[in-house]
Amino acid sequence: MTLSTMDFYTQAILSMAALIGLTSFLMLGQSRLLRMIFVFALQGFLLTLTTALVAYSMDNGHLYISAALTLVLKVMFIPWMLRREVIKMNMHRDVEVLTNKTAVMMGGASLMVFSYYVLHPIVHTTTTVMLNALAVSLSVVLLGMLLMISHRQAIAHVVGFMSIENGLFFAAIVATNGMPMVVELGIAFDVLVAAVLFGIFFLHIRTSIDSLDVDLLNRLHEVDK
Amino acid sequence: MIAAYLLLIIPLFGIAFFAFAGHKADTGKVNVWLNAVSLLATLWLAINVLNGGTLLSADKAFLVDSFNVYLIVLTAFVGLTTSIFSAPYMAHEKELGKLNDARLKMYHSMYQGFMLAMYLVLTTNNIGVMWVAMEGATLATVLLVSLYRTPESIEAAWKYFILCGVGIAQALFGTILLYYAAVQIGDGGDNALLWSVLFEHADKLNPEILEIAFVFLLIGYGTKIGLVPLHNWLPDAHSEGPTPMSAVLSGLLLNDALYAVVRNKMLVDGATHTLIAGHLMMGFGLLSFLVAALFLHRQTDIKRLFSYSSIEHMGLMTFAFGIGGSMATFAALLHMTVHSLTKSAIFVTVGHAAQVAGTQNISKIRGLIKTQPRIGWGLLMGTVAIAGFPPFGVFTSEFLVLLATMHSYPWLAPLLLLGIGIAFAGLFRHIQPMVYGDKPEGQMPVKANLLPVMIHLALVLWLGLAIPGFLADWFSQATVLISGSAPL
């Protein structure tokens, strides 16, 4: 089945999946924090569009609420908070040198292949678009983890954390047309509280080690030294 | 069912009360009263279940059956006894200048927030809400870990936040896959995530999707259980946070995460009809058990020591649920109860011991029995109980796990015995010099309320000698529910 024979909705969802996957890679290779935050906001915006699209085509009222929540939380509030933090810490001119960028990007690519491999067993019980959507969202989750591993700034960790959340949200929207309302509201509440807590933590870490480089958080050891 | 709603309203009121009036004196006592009322509500709930069997609320949002009812009572009980310990303990910490009023206010508010999350995890019938509440428990406790604002505690809290946050995101992916499978059998809408509905139709769910989902669920909730190799946050969070927090984290949070895994495993087992989920749990459980037993030997911090012991016991429970037979399941249910009681009692004693010695460093805590006999003996008795000596309840459950292992997987029994032995040696080589011997100069007794410890240990002793009839009934019914066959 080629792309052009599918209906408009399927084509749109597949394109969205591809774009969201792409934004994850863009974040992964980013060495400037402000640009990373911008790409994160872009990913949130794509997610909002996807949600609105699903809401429109399924004629599902409560998904519009989810779309609005995503817009407010992930496109506006969290990027705004992170951006403010970066500027306050005067980190917007810093370039973080990624050790072995090529390996990280290759690792990201293999994670994407791995996601398809993991979800392949369900291929005969589902449509191609679902498989793609689930695989892309799993790879966004895994790429978010890789982002957290490969970057040292606490801000980048938060971006990775939140983009994991984005990947999960994409799976919930596309594969299942949204979770029950009570669960979605709960998840949005958790994300909001997490974002506020991250803000508090930045303050604590800054006052404690005078930096947001989490490599300096190294006082605790598994065993005695 | 009113009792269940009451159970959620009381902590909610508590959060608001402490947030607005938390600067008043004696908030510690208010916390005790709130937890006492919660315990009464759970007892009411338990009597309802005892008389009427499984309770399902009218909108099917809440479910209380024989599997979670005793965990609910246990949660409220440990919550209460820990708050009794917490009141003078936190007052003492304030006197030492480690805390101020604002932080104490947040502490009490979040204590109730944590209790709310725990009750919600246990009572909800919706596995999506269960995830939300589990994440809520992380969010409520993360600022408590960094309560003292030392660089170490901030590092521990950050690690806890990131690891558990990322970990539990995996569980959400598993839940989404589960929902996806439920939607496929034409059960979309608000009911599709209800556990009772899914359990009824479990055999119709797509086994391939559920297998993948379970891997994510186990990794996700397993991070919170503290399964090796996802356990790194646990010793840090336990050792750097205030001691009452360590007691409820070890006694309640780990249990509830395991509860979430088992609830999901029941659905997966119903769909796949294979042992795959059980084998995964056995593997992770045994690995955690053995690794944590070895790590016990190399600890220098008394709270880290006992948090590794928690990992060890959670590993054993996960292993037992993984075996999945009726005897193993019964043993795991019993072990959840006795471990929770014993470990929270130990953390309470450890908190006092650390205040007596003025440090958490094992090599500096000496001669506790000579300084303050009650604390020394409390610590010794607690350790004897947790190491699995008869006649305490931990012995009974560990013995049953061992029997079940010999029955189903005899070649794993030596590993289990070895682990128990290593853990025993690891605990006692540290505990013995701490309780016996001469006291260092200048070591003074502190004001300590050891009533919670004694009640807990007495209960563990009672459970070791004879399990009361109604509790045995609940364990048996839960065993039938989980494993499909009656024990003994």
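Let me begin with residue B:A58, which sits in the loop that joins β1 (55-56) to β2 (63-64) in chain B. Please bear in mind throughout that this is a predicted model. Is B:A58 buried or exposed? B:A58 has 7 other C-beta atoms within 10 Å, and it is therefore exposed, the cut-off for that class being 12 or fewer. In sequence, 57 residues separate B:A58 from B:M1, yet in space the two are 9.0 Å apart, C-alpha to C-alpha.

Two packed helices are described by the angle between their axes and the distance between the axes. In chain B, helix α2 (residues 27-52) and helix α3 (residues 66-95) have axes that come within 9 Å and cross at roughly 165°. Angles over 145 degrees count as roughly antiparallel, so α2(B) and α3(B) are roughly antiparallel to each other. Their crossing is left-handed. Sorted by class, the residues in the contact of α2(B) with α3(B) are 17 nonpolar, 8 polar and 1 charged.

Finally, the contact between the chains. Chain A contributes 37 residues, and chain B likewise contributes 37 residues. On the side of chain A that touches chain B, at least two residues come from each of α4 (101-119), α5 (128-150), α6 (154-176) and α7 (181-209) of chain A. Which helix gives the most to this side of chain A? That is α7(A), with 13 residues. As for composition, the side of chain A that touches chain B comprises 27 nonpolar, 6 polar and 4 charged residues.

Terms used
Residues numbered from 1 in each chain as written. Chains lettered and ligands numbered in written order. Predicted model: local features only at pLDDT ≥ 70, side-chain atom pairs only at ≥ 80, totals over all residues. Axes fitted to C-alpha atoms, helices over the stretch in contact; angles between N-to-C directions. Helix = DSSP H or I, 4+ residues; strand = E, 2+ residues; numbered from the N terminus. Parallel < 35°, antiparallel > 145°, perpendicular 65-115°, else oblique. Left-handed = near helix turned anticlockwise from the far one by under 90°. Nonpolar A, V, L, I, M, F, W, Y, C, P; charged D, E, K, R; others polar. Contact = placed C-beta atoms within 7 Å. Buried ≥ 20, exposed ≤ 12 C-beta atoms within 10 Å, placed from the backbone.
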